[in-house]
Amino acid sequence: MSDRAEYRVITSLTNDTVKAVRALHMRKERDQTGTFLAEGLKFIGEALNQGRAPRMLLVGEDARPHSLLDRAKAETRKAGGDIVVVTHAILEKISRRDNPQTVLGVFDQAYAPLESLIPTSAPCWVALEQVRDPGNLGAIIRTADAAGCGGVILIGDCVDPYSVEAVRATMGSVFAVSITKTTAEAFVAWRRSWPGSVVGTRLDATVSHRSAVMQKPVLVLMGNEQAGLTNQLAAVCDVNVKIPMRGRADSLNLAIATGVMVYAATDDV
Ligand code: SAM
């Protein structure tokens, strides 16, 4: 049976479902619905591998047959999700791109409460203070996944990890890495029982990241893109380190610095 015969078909750009999915580009809408948009079969596959079926699967009428797409349809259906077939123009409208992915998924957001984290379950964790750039956050989530980190903790007023831009930059790791949101005050209190080293990163630190003692599990604390790590959080670190700046640049991009730190903290793993 063809998709058109089997599933609900939407062809109107002004259809309510289209409007609702497109609205997921806005944080207010994501916060209200607790959902987010992930684009492309790779993302859908990563989600399914983590046991996360979409609430809604949108399949372009021009989507090529693929075993992963069949699996996505079967698992969406089994989980009680909605499957809709849409036109290319609708995919363009939803993704705000000229060359959209032909399969999109609407997923539930997931946050792990701070108290539920088990520090010893991974050699390294990342905490970010007021990260503002969605591309940076997505790249950090991807890097944390690649390096085998336990999760990413967002402290204070951070960009939404479930924004379309951040999700795209994770390349699917958004489904694999635990994400936690907390305040600076709650983090400071929780950090007291951290069993390993808490390592802050500051441009004014005198200790190099290579010479610091890092006892596992290592909690790497990164600062805001403009202001850096605040004194409040630097003060609760066991050590603050600097990655040497050998050329004319005065700092590294936040995501790059995080990559250097998490691999330094885990290079004997
Ligand atoms: N103007 C900011 C400052 O004075 O800290 C620059 C912030 S930097 C672009 C963003 C974050 O990346 C920093 O807070 C720190 O966590 C990390 N970072 C960047 N370069 C670093 C370096 N050379 N050593 C340690 N951390 C670094």
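R96 is found in the loop between helix 6 (88-95) and strand 5 (103-108). Like everything described here, this placement comes from a predicted model. The backbone at R96 has a positive phi of about 60°, although R96 is not a glycine. The residue is exposed, with a relative accessible area of 52%, and the cut-off for that word is over 50%.

A second residue of this kind is Q130, which also is not a glycine and has a positive phi, here of about 45°. Q130 belongs to the loop between strand 6 (124-129) and helix 7. With a relative accessible area of 29%, Q130 is partly exposed, because that label covers values between 20% and 50%.

Another backbone feature to look for is a cis peptide bond, which runs from K216 to P217 and has an omega near -5°. P217 sits in the loop between strand 10 (207-208) and strand 11 (218-222).

Attention can now turn to the aromatic side chains. A pair of aromatic rings is described by the distance of the centres and the angle of the planes. The structure contains 8 aromatic pairs. One of them joins F36 and F175, with 5.7 Å from centre to centre and 35° between the planes, a tilted arrangement.

Are F187 and W190 buried or exposed? F187 is buried, and W190 is buried as well.

F36 and F175 also belong to one aromatic cluster, together with F107, Y111 and Y162. A charged neighbour can be found at Y111: K181 lies over the face of this ring, at 4.2 Å from the ring centre.

The axes of helix 7 (residues 134-147) and helix 11 (residues 254-266) come within 9 Å and cross at roughly 15°. Angles under 35 degrees count as roughly parallel, and helix 7 and helix 11 are therefore roughly parallel to each other. Their crossing is right-handed. On the side of helix 7, the contact is made by N136, A139, I140, T143, A146 and A147. Helix 11 contributes L254, A255, T258, G259, V262, Y263 and T266.

How are helix 4 and helix 5 oriented to each other? The axes of helix 4 (residues 41-49) and helix 5 (residues 67-78) come within 10 Å and cross at roughly 50°, and the two helices are therefore oblique to each other. This crossing is left-handed. The contact is made by L41, I44, G45, L48 and N49 from helix 4, and by L68, L69, R71, A72 and E75 from helix 5.

Notes. Residues are numbered from 1 along each chain as its sequence is written. This is a predicted model: local features need pLDDT of at least 70, side-chain atom pairs count only at pLDDT 80 or more; totals for chains, interfaces and linings use all residues. Side-chain values use heavy atoms; hydrogens and water are left out. Rings of Phe, Tyr and Trp (its six-membered ring) pair if their centres lie within 6.5 Å; planes under 30 degrees apart count as stacked, over 60 as edge-to-face and the rest as tilted. Buried means under 20% relative accessible area, exposed over 50%, partly exposed in between (1.4 Å probe, protein chains only). A charge sits over a ring if NZ of Lys or CZ of Arg is within 6 Å of the ring centre and within 35 degrees of the ring normal. Axes are lines fitted to C-alpha atoms, for helices over the stretch in contact, and angles run from 0 to 180 degrees between N-to-C directions. Helices (H or I, at least four residues) and strands (E, at least two) are DSSP runs, numbered from the N terminus. Angles under 35 degrees count as roughly parallel, over 145 as roughly antiparallel, 65 to 115 as roughly perpendicular and the rest as oblique. A crossing is left-handed if the near helix is turned anticlockwise from the far one by less than a right angle, and right-handed if clockwise. Contact means heavy atoms within 4.5 Å.
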